[in-house]
Amino acid sequence: MSTASRTAHRGSILHFLADPGAGDDPGAYEYWEQGALIVADGRIERVGPAKELLSAEPTLAVTDHGQQLIVPGFIDTHIHYPQTDIIGAGGRHLLEWLEGYTYPAEQRFADPAYARSVAEFFFDELLRNGTTTAQVLGTVHKSSIQSFFEVAAARGLRMIGGKTLMDRMAPEALRDDAASAERDTRELIEAWHGHGRLHYAITPRFALTSTVEQLRSAGALAHAYPDVFIHSHLAENPMEVEQVRQMFPQRRSYLDVYDHFGLLRERATYAHCIYLNDVDRNRLAASGAGAAFCPSSNLYLGSGLFDLAASDAAGMKVALATDVGGGSSFSMLHTMADAYRVAHLSGQHLGSLRAFYLSTLAGARLLGLSDRIGSFATGNEADFIVLDPKATPLLARRMDQCSTLAERLLLYMILGDDRAIAQTYVLGQLYFCRT
């Protein structure tokens, strides 16, 4: 390993080893007020106290971030890149919002040039907000996800994406069929899954928009490609849940529809998971699948409140997600703040340490990628961000009054936004710098 490939970053450093839980378990994270992160060839070589690590290597190139906080890059476990241009559209409930805004917007992605232009902006926005990995839905068009992967590959990002499967209850221009969807998905998996830092996700939009034939086909694909991801929606809205019950009367629950078709396993992510019972939660946990908690979207569309305590009790994997464009911001800091509010409205509490865990290591664990991203473990990919405690006058003023790490993290959540992201690094290279 050449000396030229090694650099160090000095500042306050935080990462997680486990879920800190409600009690902020001190054994679940490592924090150094004066820390150093040594990066070699795009990977984490060492992390620890600056004095100890840097004194032994006086000639090592060091980037000094002062009092700024270095954390692993945020991981957004559920987001729609084709909905970038409808953020802030309307305030209707889910099904009306899809018909009134989402489906018209997604029809434009039949044009590969348009899809690519949105993908370029989408990745710029992710990096500007400190998100270095995301699990992303395309549209029904094969070319939409090809454009997504092409742009992600050119930037060297670790991303997950999939073409949406949807052969009913949608405009004709947004429908595929079971046979064409399976053919397209196989071709996309072969072309992109494992290409560089990219992964493919089999992506039925939700149970209502896929026929039995298509769901059966998706399950067959999941069986044929056990290392690919599965990504869909589950129990987001009461009307949606009732329609699923009517459409699949032989199934025990909405979750059981996916289970029946072989779509419940490790590396399967279901967004929302609001209207589940304990049987569902226990089954979700036992399968190895997990939930993407989307508080901003759930509040904006009035869908309901995710039960974090019940999910914890069942042992479910849970991580945070923006759900743009139902979610109104690309910022995971904004999303953490909304998760904090949802917990309060449910008579629960989400501490700031745990909120940051749910945006970093928890996402990596949910996606089965914790051996690569989500923490500063030796050998992990050096995707990290630098948070500025003086990003705004109010944030700076309040930070000066803090005495604990938890208090400072809470202020980043509640008062922070994209302005708090000073820098974003991907594989140790600077990809975004706020000037």
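Residues are numbered from 1 along each chain as its sequence is written. Because the model is predicted, local features need pLDDT of at least 70 and side-chain atom pairs count only at pLDDT 80 or more, while totals for chains, interfaces and linings use all residues, and side-chain values use heavy atoms, with hydrogens and water left out.

## The chain as a whole

The protein chain contains 16 helices and 16 strands, where helices (H or I, at least four residues) and strands (E, at least two) are DSSP runs numbered from the N terminus. Along its principal axes, the C-alpha trace spans about 65 × 45 × 35 Å. A compact globule of 435 residues would have a radius of gyration near 22 Å, and the 21 Å of the protein chain agrees with this; the radius is taken over C-alpha atoms, and the globule rule is 2.2 Å times the number of residues to the power 0.38.

Of the 435 residues, 61% are buried, a term that means under 20% relative accessible area, with exposed set at over 50% and partly exposed in between (1.4 Å probe, protein chains only). The accessible surface of the protein chain comes to about 15600 Å², and 51% of that surface belongs to carbon and sulfur atoms; such areas come from the Shrake-Rupley method with a 1.4 Å probe, and for residues only the protein chains shown count as cover.

Among contacts (heavy atoms within 4.5 Å) between residues at least 6 apart in sequence, 75% join residues at least 24 apart. The chain carries 38 positive and 50 negative side chains, and the centres of the two sets lie 1 Å apart. In this count Lys and Arg are positive and Asp and Glu are negative, with His and the chain ends not counted, and the place of a charge is taken as NZ of Lys, CZ of Arg, CG of Asp or CD of Glu.

Helix H12 covers residues 332-345, and its 14 residues should span 20 Å at 1.5 Å a residue, which agrees with the 20 Å between its end C-alpha atoms; the expected span is 1.5 Å times one less than the number of residues. Because 10 of its 14 residues are buried, H12 is largely enclosed by the rest of the structure.

Leu-320 is found in strand E13 and is buried, with a relative accessible area of 0%. The C-alpha atoms of Leu-320 and Arg-398, which are 78 residues apart along the chain, are separated by 26 Å.

## The loop between E8 and H5

Ala-170 is found in the loop between strand E8 (164-165) and helix H5 (178-192), and Asp-177 also has its place in the loop between E8 and H5. With residues up to four places away in sequence left aside, Ala-170 touches Tyr-103 and Arg-175, whereas Asp-177 is in contact with Asp-167 and Gln-214. The table gives the accessibility of single residues.

| Residue | Relative accessible area | Class |
|---|---|---|
| Ala-170 | 8% | buried |
| Asp-177 | 39% | partly exposed |
| Leu-427 | 31% | partly exposed |

Ala-170 and Ile-373 are 203 residues apart along the chain, with their C-alpha atoms separated by 36 Å. Asp-177 and Thr-435 are 258 residues apart in sequence and 48 Å apart in space, C-alpha to C-alpha.

## Backbone details

Most residues other than glycine have a negative phi, and most peptide bonds are trans. Asp-41, in the loop between strand E2 (29-40) and strand E3 (43-49), has a positive phi of about 50 degrees although it is not a glycine. Leu-427, in the loop between strand E15 (421-426) and strand E16 (429-433), likewise has a positive phi, near 50 degrees. The peptide bond from Val-324 to Gly-325 is cis, with omega near 5 degrees, and Gly-325 lies in the loop between strand E13 (317-320) and H12.
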